[in-house]
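Keep the picture at hand and try each task before you look at its solution.

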Amino acid sequence: MIPPHGGKLVDRVIKNEPGTAIEKANRLFQLTLDEEKVKDLRNMYTKIKKDTPETRTHIFTKYNSLSDQGWDYEREGKYEEALDSFHQTLNLIKDMGYKSLENQSHVAVALTYRRLEDYPKAIDFYRQSLELSRKYNYKDKELAALIHLA
(Lines give C-alpha, C1' and ligand atoms only; values in the text may rest on other atoms or scores of the structure.)
Protein backbone atom coordinates (compact mmCIF):
# COMPACT_ATOMS: atom_id res chain seq x y z
CA MET A 1 0.00 0.00 0.00
CA ILE A 2 1.28 3.46 -0.87
CA PRO A 3 1.83 5.56 2.26
CA PRO A 4 -0.63 8.45 2.72
CA HIS A 5 2.07 11.07 2.15
CA GLY A 6 2.87 9.52 -1.26
CA GLY A 7 -0.70 9.17 -2.45
CA LYS A 8 -0.90 12.57 -4.18
CA LEU A 9 2.27 11.90 -6.13
CA VAL A 10 1.01 8.49 -7.20
CA ASP A 11 -2.39 9.89 -8.20
CA ARG A 12 -0.78 12.67 -10.22
CA VAL A 13 1.56 10.32 -12.09
CA ILE A 14 -1.06 7.66 -12.74
CA LYS A 15 -3.76 10.07 -13.88
CA ASN A 16 -1.83 12.80 -15.66
CA GLU A 17 1.30 11.28 -17.16
CA PRO A 18 1.22 9.70 -20.59
CA GLY A 19 2.44 6.16 -21.17
CA THR A 20 1.73 2.60 -20.24
CA ALA A 21 1.26 1.41 -16.68
CA ILE A 22 4.84 0.11 -16.64
CA GLU A 23 6.20 3.44 -17.89
CA LYS A 24 4.20 5.23 -15.21
CA ALA A 25 5.52 2.91 -12.52
CA ASN A 26 9.09 3.55 -13.71
CA ARG A 27 8.40 7.30 -13.56
CA LEU A 28 7.24 6.90 -9.96
CA PHE A 29 10.53 5.22 -9.08
CA GLN A 30 12.40 8.22 -10.44
CA LEU A 31 10.28 10.74 -8.53
CA THR A 32 10.82 9.37 -5.07
CA LEU A 33 13.74 8.80 -2.75
CA ASP A 34 11.71 7.68 0.26
CA GLU A 35 12.73 4.07 0.94
CA GLU A 36 9.24 3.00 2.03
CA LYS A 37 7.68 4.56 -1.06
CA VAL A 38 10.24 2.84 -3.27
CA LYS A 39 9.44 -0.53 -1.70
CA ASP A 40 5.70 -0.03 -2.20
CA LEU A 41 6.18 1.23 -5.74
CA ARG A 42 8.40 -1.74 -6.61
CA ASN A 43 5.67 -4.06 -5.42
CA MET A 44 3.15 -2.18 -7.55
CA TYR A 45 5.52 -2.30 -10.55
CA THR A 46 6.02 -6.04 -10.14
CA LYS A 47 2.27 -6.60 -10.05
CA ILE A 48 1.70 -4.42 -13.11
CA LYS A 49 4.54 -6.10 -14.97
CA LYS A 50 3.11 -9.56 -14.22
CA ASP A 51 -0.38 -8.61 -15.30
CA THR A 52 0.00 -8.18 -19.05
CA PRO A 53 -1.73 -10.22 -21.75
CA GLU A 54 1.62 -11.73 -22.78
CA THR A 55 2.46 -12.70 -19.22
CA ARG A 56 -0.99 -14.16 -18.60
CA THR A 57 -0.77 -16.20 -21.81
CA HIS A 58 2.68 -17.46 -20.84
CA ILE A 59 1.52 -18.37 -17.33
CA PHE A 60 -1.60 -20.19 -18.56
CA THR A 61 0.45 -22.07 -21.16
CA LYS A 62 3.01 -23.10 -18.54
CA TYR A 63 0.25 -23.97 -16.06
CA ASN A 64 -1.52 -26.20 -18.60
CA SER A 65 1.72 -27.86 -19.62
CA LEU A 66 2.71 -28.63 -16.02
CA SER A 67 -0.80 -29.78 -15.15
CA ASP A 68 -0.95 -32.09 -18.17
CA GLN A 69 2.48 -33.43 -17.30
CA GLY A 70 1.35 -34.07 -13.71
CA TRP A 71 -1.75 -35.97 -14.83
CA ASP A 72 0.37 -38.03 -17.27
CA TYR A 73 2.69 -38.96 -14.40
CA GLU A 74 -0.35 -39.75 -12.24
CA ARG A 75 -1.74 -42.15 -14.84
CA GLU A 76 1.68 -43.83 -15.13
CA GLY A 77 1.85 -44.29 -11.35
CA LYS A 78 4.79 -41.87 -11.05
CA TYR A 79 3.31 -40.06 -8.08
CA GLU A 80 6.43 -38.24 -6.88
CA GLU A 81 6.92 -36.74 -10.34
CA ALA A 82 3.23 -35.86 -10.47
CA LEU A 83 3.52 -34.10 -7.11
CA ASP A 84 6.47 -32.11 -8.39
CA SER A 85 4.47 -30.94 -11.42
CA PHE A 86 1.38 -30.13 -9.36
CA HIS A 87 3.39 -28.20 -6.76
CA GLN A 88 4.93 -26.21 -9.60
CA THR A 89 1.46 -25.34 -10.91
CA LEU A 90 0.47 -24.22 -7.44
CA ASN A 91 3.55 -22.03 -7.02
CA LEU A 92 3.16 -20.57 -10.50
CA ILE A 93 -0.47 -19.60 -10.13
CA LYS A 94 -0.62 -18.63 -6.44
CA ASP A 95 1.05 -15.23 -6.88
CA MET A 96 -1.14 -14.28 -9.81
CA GLY A 97 -4.46 -14.38 -7.98
CA TYR A 98 -6.19 -16.98 -10.16
CA LYS A 99 -8.02 -18.63 -7.29
CA SER A 100 -9.95 -21.16 -9.36
CA LEU A 101 -6.72 -22.55 -10.83
CA GLU A 102 -5.08 -22.42 -7.42
CA ASN A 103 -7.99 -24.47 -6.10
CA GLN A 104 -7.56 -27.02 -8.91
CA SER A 105 -3.87 -27.32 -8.05
CA HIS A 106 -4.68 -27.96 -4.39
CA VAL A 107 -7.04 -30.76 -5.42
CA ALA A 108 -4.46 -32.30 -7.78
CA VAL A 109 -1.83 -32.29 -5.02
CA ALA A 110 -4.35 -33.75 -2.54
CA LEU A 111 -5.38 -36.54 -4.91
CA THR A 112 -1.77 -37.49 -5.52
CA TYR A 113 -0.95 -37.55 -1.80
CA ARG A 114 -3.99 -39.77 -1.35
CA ARG A 115 -2.61 -42.17 -3.97
CA LEU A 116 0.66 -42.21 -2.03
CA GLU A 117 -1.39 -42.96 1.11
CA ASP A 118 -0.02 -39.84 2.76
CA TYR A 119 -3.41 -39.02 4.22
CA PRO A 120 -2.40 -36.13 6.52
CA LYS A 121 -0.97 -34.19 3.57
CA ALA A 122 -3.95 -35.10 1.38
CA ILE A 123 -6.32 -33.82 4.06
CA ASP A 124 -4.30 -30.61 4.41
CA PHE A 125 -4.56 -29.85 0.69
CA TYR A 126 -8.26 -30.77 0.56
CA ARG A 127 -8.83 -28.38 3.46
CA GLN A 128 -6.99 -25.61 1.61
CA SER A 129 -9.22 -26.30 -1.39
CA LEU A 130 -12.27 -26.16 0.85
CA GLU A 131 -11.17 -22.82 2.34
CA LEU A 132 -10.65 -21.30 -1.11
CA SER A 133 -13.96 -22.70 -2.31
CA ARG A 134 -15.83 -21.15 0.58
CA LYS A 135 -13.98 -17.84 0.39
CA TYR A 136 -14.67 -17.39 -3.34
CA ASN A 137 -18.09 -19.07 -3.37
CA TYR A 138 -17.15 -22.02 -5.60
CA LYS A 139 -20.09 -24.21 -4.53
CA ASP A 140 -19.23 -27.15 -6.81
CA LYS A 141 -15.61 -27.18 -5.64
CA GLU A 142 -16.73 -26.85 -2.01
CA LEU A 143 -18.96 -29.89 -2.40
CA ALA A 144 -16.13 -31.85 -4.05
CA ALA A 145 -13.71 -30.97 -1.25
CA LEU A 146 -16.26 -32.00 1.39
CA ILE A 147 -16.82 -35.35 -0.37
CA HIS A 148 -13.08 -36.00 -0.48
CA LEU A 149 -12.74 -35.09 3.18
CA ALA A 150 -15.62 -37.35 4.24
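The exercises below concern this predicted model, and each one comes with a worked solution.

**Exercise 1. The whole chain**

Task: Find how many helices and strands the chain has, and what share of its residues count as buried.

Solution: 
- Start with the elements: there are 8 helices and 0 strands.
- Now turn to burial: 33% of the 150 residues count as buried.
- For the surface, the chain exposes about 9600 Å², with 51% of it supplied by carbon and sulfur atoms.
- Finally, take the contacts between residues at least 6 apart in sequence: 44% of them join residues at least 24 apart.

**Exercise 2. Isoleucine 59**

Task: Decide whether isoleucine 59 is buried or exposed, and work out which residues it contacts beyond its neighbours within four places in sequence.

Solution: 
- Locate the residue first: isoleucine 59 sits in helix α4, which covers residues 53-75.
- Its relative accessibility is 7%. Buried means under 20%, so isoleucine 59 counts as buried.
- Leaving aside the neighbours within four places in sequence, isoleucine 59 is in contact with Leu92, Ile93 and Met96.
- Take methionine 96 from that list. It is 37 residues away from isoleucine 59 along the chain, and the two C-alpha atoms are separated by 9.0 Å.

**Exercise 3. Serine 67**

Task: Stay in helix α4 and treat serine 67 in the same way.

Solution: 
- Serine 67 has a relative accessibility of 14%. This value is under the 20% cut-off, so serine 67 counts as buried.
- Not counting residues up to four places away in sequence, serine 67 touches Phe86 and Thr89.

**Exercise 4. A pair of rings**

Task: Classify the ring pair formed by phenylalanine 60 and tyrosine 98 as stacked, tilted or edge-to-face.

Solution: 
- A pair of aromatic rings is described by how far apart the centres are and by the angle of the planes.
- Rings pair if their centres lie within 6.5 Å, and the count comes to 4 aromatic pairs.
- For phenylalanine 60 and tyrosine 98, the centres are 4.9 Å apart and the planes are at 55°.
- Under 30 degrees would be stacked and over 60 edge-to-face, so this pair is tilted.
- The pair links distant parts of the chain, 38 residues apart: phenylalanine 60 is in helix α4, while tyrosine 98 is in the loop between α5 (79-94) and α6 (99-115).

How values were computed
Residues numbered from 1 in each chain as written. Predicted model: local features only at pLDDT ≥ 70, side-chain atom pairs only at ≥ 80, totals over all residues. Heavy atoms only, no water. Helix = DSSP H or I, 4+ residues; strand = E, 2+ residues; numbered from the N terminus. Buried < 20%, exposed > 50% of the residue type's maximum accessible area, 1.4 Å probe, protein only. Contact = heavy atoms within 4.5 Å. Areas by Shrake-Rupley, 256 points an atom, 1.4 Å probe, with all protein chains shown as cover. Phe/Tyr/Trp six-rings, centres within 6.5 Å; stacked < 30°, edge-to-face > 60°.
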